[in-house]
Amino acid sequence: MELFGFEIKRKQPPLPSPIPKEQEDGSVVVSEGGAYGTYVDLDGTVRSDTELINRYREIAQNPEVESAIDEISNEAIISDPEKPIVEIDLDAIALDDNVKAIIEREFKYILELMEFNIYGWEIFRKWYVDGRLNYQLLTKGSEANGIQEVRYIDPRKIRKVTEVGKQKIGTQAGTQTKKEYYIYSSKGFTRSAIGAQPSIYEHGPTVRISEDSIVNVTSGMTTTNGKTVLSYLHKAIKPVNQLRSLEDSMVIYRISRAPERRVFYIDVGNLPKMKAEQYLRDIMTKFKNRVVYDATTGETRDDRKFMTMLEDFWLPRREGGRGTEITTLPGGQNLGEIEDIMYFRKKLFAALNVPLTRLEPGEGSYTLGRATEISRDEVRFTKFINRLRARFSMVFTKILGKHLILKRVVSPEDWKLISNYIKYRYSHDNYYAELKDTEILRERLALLNEIDPYVGKYFSMEWIRENVLRMSDNEVAEIMNGIQQDIPLLQQLQQAHDQESEQ
């Protein structure tokens with residue numbers, strides 16, 4: 001409608017985005033159904049995830065991979081009897097101190113529900129190997145009491161489903177997420193028994209669980225199409241298989257080439273083929289000797305019934321050549337060469353992001369010296385551990401957020417604003433952390449000693465505290481307060497020293 005040159009029309013609702021939201025949790029994306037609901041194909045995708053998880057757990061049993069996983073888990077989760085494994089850090093959030101105290105108390109409660117101070121190492125290892133971690137949050141009685149139980153779910157038995165529907169407004173069409181939920185099967189999504197049709201997969205009765213009651217934390221790595229979540233062990237699958245094949249072939253080669261075997265050249269003259277073979281078999285039966293150890297009786301016996309190619313070779317020789325001859329076939333001369341195995345072993349360790357000096361015996365040791373002696377691999381490994389901790393900490397943020405919202409401590413809108421600024425402090429090795437802090441302080445004091453003649457001329461005290469000593473505002477205020485309290489004591493000590501000097 002037009003009025004006085006102005007056009008008046010009904011406000012149009014905002015158009016939905018034509019770009020669907022990316023699903024980085026490996027959920028099955030399906031189209032919204034009609035009157036008969038939605039059909040979810042659980043065969044291909046779930047089967048792929050299950051096979052991947054089984055493969056990850058299988059290669060985790062490899063001795064080299066297990067050592068690397070233990071090294072990563074030991075570095076990420078450190079148990080200290082004097083303090084908890086992980087603490088929440090709310091310094092970057094502008095909240096009331098009472099609210100911060102409540103959040104810290106509820107975070108400790110969440111750790112107690114997860115029994116993290118007891119099973120933290122095992123929980124982290126499961127997440128690292130499988131590439132995903134699933135918990136069901138249970139409430140008992142009133143929801144205002146918050147979460148009462150946190151229950152672990154095997155990732156092979158649960159699958160997230162995202163229904164995507166299309167909405168059309170005018171001439172514009174967009175895509176938006178409609179529903180998200182989980183499907184759980186107590187039997188898991190596995191292939192049916194042998195002999196069944198290849199397209200049939202048994203998963204037992206499924207239960208539909210709301211998305212709010214499940215906490216899902218993945219590794220953040222997916223396939224190129226983004227449909228399958230990968231573990232940090234995925235890039236180690238090929239090196240593990242190559243290393244296994246080489247080790248098996250080396251064992252087979254050494255067993256077959258280690259003994260020295262005899263070669264019998266038997267002169268058969270100009271006998272026909274059939275008689276020459278019979279004559280050769282008679283000679284073999286006559287001269288072969290096999291000493292066998294009987295493990296049941298502890299005796300040795302001469303067993304002529306069996307013949308193996310690992311011992312002797314029998315070859316006929318025709319008339320006109322040399323006569324019967326017995327020679328020795330030497331064993332393998334390169335049985336000690338394992339350079340190719342060591343190559344794939346190092347390649348496997350590189351795929352696991354673990355420094356070689358941590359896994360190879362005798363390659364390296366802990367350096368308790370200056371920071372300049374720390375290798376580049378150790379620095380890279382530390383950054384890798386920090387990334388793992390940051391990703392794994394999402395499980396605390398998700399569980400804590402749902403718990404605080406249920407207890408009406410914060411609103412969902414406020415939690416979205418503050419959750420990005422929550423940090424977590426993990427326990428470190430006290431001895432090595434103390435050495436590092438001591439060295440840093442020593443270097444700062446040495447620099448302060450060099451710059452001291454220029455204080456008040458080129459540099460101010462505030463600039464030195466901020467850029468040389470790297471003190472925060474709270475540390476500066478605390479130190480200045482302590483200095484003010486120490487002034488009377490220092491004056492008393494000076495007076496006592498002066499009196500002793502006069503006497």
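A helix axis here is a line fitted to C-alpha atoms over the stretch in contact, and the angle between two axes runs from 0 to 180 degrees between N-to-C directions. The exercises below use a predicted model.

**Exercise 1.** Determine how helix H2 and helix H9 are oriented to each other, and which residues make their contact.

Solution. 
Step 1. Locate the helices: H2 covers residues 63–76 and H9 covers residues 376–392.
Step 2. Take the geometry: the two axes come within 10 Å and cross at roughly 70 degrees.
Step 3. Apply the cut-off: angles of 65 to 115 degrees count as roughly perpendicular. H2 and H9 are therefore roughly perpendicular to each other.
Step 4. List the contact residues. H2 contributes Glu71, Ile72, Glu75 and Ala76. From H9 come Phe381, Phe384, Ile385, Leu388 and Arg389.

**Exercise 2.** Classify Met480 as buried, partly exposed or exposed, and describe the surface patch it belongs to.

Solution. 
Step 1. Find the residue: Met480 lies in helix H14, which spans residues 473–502.
Step 2. Compare with the cut-offs: buried means under 20% relative accessible area and exposed means over 50%. Because its relative accessibility is 32%, Met480 counts as partly exposed.

**Exercise 3.** Summarise the chain as a whole.

Solution. 
Step 1. Count the elements: there are 14 helices and 20 strands.
Step 2. State the burial: 32% of the 503 residues count as buried.

Notes. Residues numbered from 1 in each chain as written. Predicted model: local features only at pLDDT ≥ 70, side-chain atom pairs only at ≥ 80, totals over all residues. Heavy atoms only, no water. Helix = DSSP H or I, 4+ residues; strand = E, 2+ residues; numbered from the N terminus. Buried < 20%, exposed > 50% of the residue type's maximum accessible area, 1.4 Å probe, protein only. Parallel < 35°, antiparallel > 145°, perpendicular 65-115°, else oblique. Contact = heavy atoms within 4.5 Å.
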